[in-house]
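Keep the sequence and the 3D view at hand.

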Amino acid sequence: MAELQRREKGQAMRDVLDHALEWHEAGDPVALATVVETWGSAPCPVGSMMAVSRSGRIEGSVSGGCVEAAVLQAALETTQPGGAPRLLSFSVSDGNAWSVGLACGGEIRVFVEALHPE
């Protein structure tokens, strides 16, 4: 079972990267968002990726809900001229977890960078 999950995760990453490269080669600037750290309750594991093109195309996922919306906004800003890489941090305390549909609190860090394949 663990081997199948690793293969599926690897395929999902390749799909995200393939789309990002395709969009970039077509002249549409792209940002990649990658989950680099989690603690507690997190919907996507470390290594999960999302590609976002300046024109608004999206592939993959790093979280969901309001976190994903904030990452999407940061990714779009990163594709703009002069857009800098960012490390984004999001957290929900144990006390607030139930109100947002989680069994316990958690934290997620997502690195967002423009794609510059050489």
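The paragraphs below take the salt bridges in turn.

This is a predicted model. It contains 4 salt bridges.

Start with Asp28 and Arg57. These residues form a salt bridge, and their closest N and O atoms lie 2.9 Å apart. The pair ties together distant parts of the chain, 29 residues apart. Asp28 sits in the loop between α1 (2–25) and β1 (30–40). Arg57 belongs to the loop between β2 (49–53) and β3 (58–60). Arg57, at 35% relative accessibility, is partly exposed.

Now move to Arg109 and Glu37. Their closest N and O atoms are 2.8 Å apart, and the two form a salt bridge. This pair, too, links distant parts of the chain. Arg109 is in strand β5 (residues 106–114), while Glu37 is in strand β1. The separation is 72 residues. Arg109 is partly exposed, with 26% relative accessibility. Glu37 is partly exposed as well, with a relative accessible area of 39%.

Next come Arg86 and Glu77. They form a salt bridge with closest N and O atoms 2.6 Å apart. Arg86 has a relative accessible area of 31% and is partly exposed. Glu77 is partly exposed at 33%.

Which residues are joined into one network? Glu37, Glu107 and Arg109 are, through salt bridges that share partners.

Technical notes: Residues numbered from 1 in each chain as written. Predicted model: local features only at pLDDT ≥ 70, side-chain atom pairs only at ≥ 80, totals over all residues. Heavy atoms only, no water. Salt bridge = Lys/Arg side-chain N within 4 Å of Asp/Glu carboxyl O. Helix = DSSP H or I, 4+ residues; strand = E, 2+ residues; numbered from the N terminus. Buried < 20%, exposed > 50% of the residue type's maximum accessible area, 1.4 Å probe, protein only.
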